[in-house]
Amino acid sequence: MKSAPHTGSLARRMMLISAAWILVLLLGGGVALDRTLTNLVERNFDEQLEYVQTALIASAEIGPDGEVLLYRSLGDQRFLEPNSGVYWQISGDGHEPFPSRSLWDRSLEVRGDHIDNEPHFYSSGQFGEEPLRIVERSVILPQSDTRWTFTVASARGELDAQIARIRSILIWSFVVLALGLLVLAALQSYYGLRPLRRVRAAIQRIRSTGSNRVTDPLPLEVQPLVQELNALLEHSEKQAEEARTHAGNLAHALKTPLTVVNNAATAHAPDLADTVIREARTMRRHVDHHLARARAVGRRAVGHARTPVWQSAEAVRRAVERLYPSGRFDIDGNASAEVSIERQDLDEILGNLIENAAKYGGGSVFVTVDAEPDEERCVIWVEDDGAGIPDEERDRIFDRGARLDTGKPGTGLGLAIVRDVAEIYNGSVELSESEDLGGLLVRLSLPRS
């Protein structure tokens, strides 16, 4: 079988959407978490440097020559070990820098282009392969007018190692989390779409085993699809049954005229020509009737129709006026009423009714749209001022070929077609007496759109 056009795999689409969203969320969350943890580690490291700087400032005093001295040493032994990675230095304008012993023969580069009244933290690469984290603060000590800069530095090796470990843990954790979420999305797509595969299997059983309904229990989300599918199957069965019925009725209706013609031809009847003409007219009536029903059924299957009644009635009135120019035709009622029937079928119904009223009436035809208040049905009255139809004949007049006035041309199919087409659209046709005009009143009821 030729494959139907499609827009791609639904499962693949769900997986791509899930994977993209998972990656976006994990990437954004990972970056935010990395920045947060990195800032926490650096803040903790900076607090330790600030603590040492505060102790250094508290231990400083001014000597007799205006130089800065420490009246007590700091407790960290690393400040006494050369190149230990932890350093301090006190600098002031006009004075030699006062460094910790750990600096040995080096000194810290102090930024002298600004004043830091509060601790100022920054990273520096002034020692080459030993990156530093530095805190600076400018202080004026008692008994001194010099602004002294207290600088404490520490190698970033330990800090960077902690950050690297945190990032490694984050990366591996998020990779495992991403894989787990992708597996979860795949399982969700597989099991979530499993009912659709069951629907497919049920449809295959319908095609292979002759079953006419999907009866498998399915989730609530799939039930509307199954209900519509069952409704479509029921509609198709009804269409097929109607088609078989039409074919059988037509064959049965044509069988008798064909038999009469065949017998007359076999017997070389002298009135063969008249017999052929009479029976051909009968067969023509049957064919026209069944074709009208078939067209109505076919158009009903296309979809839900919306037809304005007033427009159809006006079009039919203009056409009938050309056939009966001396007649009087009036239309009244709701001009915005719409019915659930195809425009061609409504034209055919109203055409038969209005033409019959003009042909068999006294010359006046009155059409009322929405003649009776009803929220679900639109009732159309077609009245004339003719002789009407006796009560005992009103049921028989709907039979195919039934005619009360044989003096006027016709096939006797008009009302039969009207009834059959109206019933196809769940409508109805009734006959009664017109109170205003005194003739026939045809009450046509059709569902509103």
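Reader: How many bridges join E9 to strand E11, and do they run parallel or antiparallel?

Author: This is a predicted model. In it, six bridges join E9 to strand E11 (residues 364-369), and the two run parallel. One place to look is Gly333, which stands opposite Val369 in E11.

Reader: What makes E9 and E11 count as paired?

Author: Pairing needs at least two bridges between two strands. E9 and E11 have six, so they pair.

Reader: Why is strand E9 called an edge strand?

Author: Five strands form an open sheet, in the order E9-E11-E12-E14-E13, with mixed pairing. Strand E9 (328-333) and strand E13 (428-433) each pair on one side only, and they are the edge strands. Neighbouring strands of this sheet are turned by 15 degrees against each other on average, direction ignored.

Reader: Which helix lies across E9, E11 and strand E12?

Author: Helix H6 (residues 309-323) does, running at about 175 degrees to E9.

Reader: Why is Glu42 called buried?

Author: Buried means under 20% relative accessible area. Glu42 has 19% relative accessibility, so Glu42 counts as buried. Glu42 is in helix H1 (residues 10-59). Leaving out residues up to four places away in sequence, Glu42 touches Arg156, Leu159 and Ile163.

Reader: Which residues touch the most other members of the largest nonpolar core?

Author: That core has 37 residues, and those touching the most other members are Ile349, Leu350, Leu353, Ile354, Val365, Val382 and Leu444. H7 supplies the largest share of this core, seven residues. Another core, of 22 residues, lies apart from it, with Val52, Trp88, Val139 and Phe150 among its members.

Terms used: Residues are numbered from 1 along each chain as its sequence is written. This is a predicted model: local features need pLDDT of at least 70, side-chain atom pairs count only at pLDDT 80 or more; totals for chains, interfaces and linings use all residues. Side-chain values use heavy atoms; hydrogens and water are left out. Helices (H or I, at least four residues) and strands (E, at least two) are DSSP runs, numbered from the N terminus. Buried means under 20% relative accessible area, exposed over 50%, partly exposed in between (1.4 Å probe, protein chains only). Contact means heavy atoms within 4.5 Å. Axes are lines fitted to C-alpha atoms, for helices over the stretch in contact, and angles run from 0 to 180 degrees between N-to-C directions. A nonpolar core is a set of buried Ala, Val, Leu, Ile, Met, Phe, Trp, Tyr and Cys residues joined through side-chain atoms within 4.5 Å.
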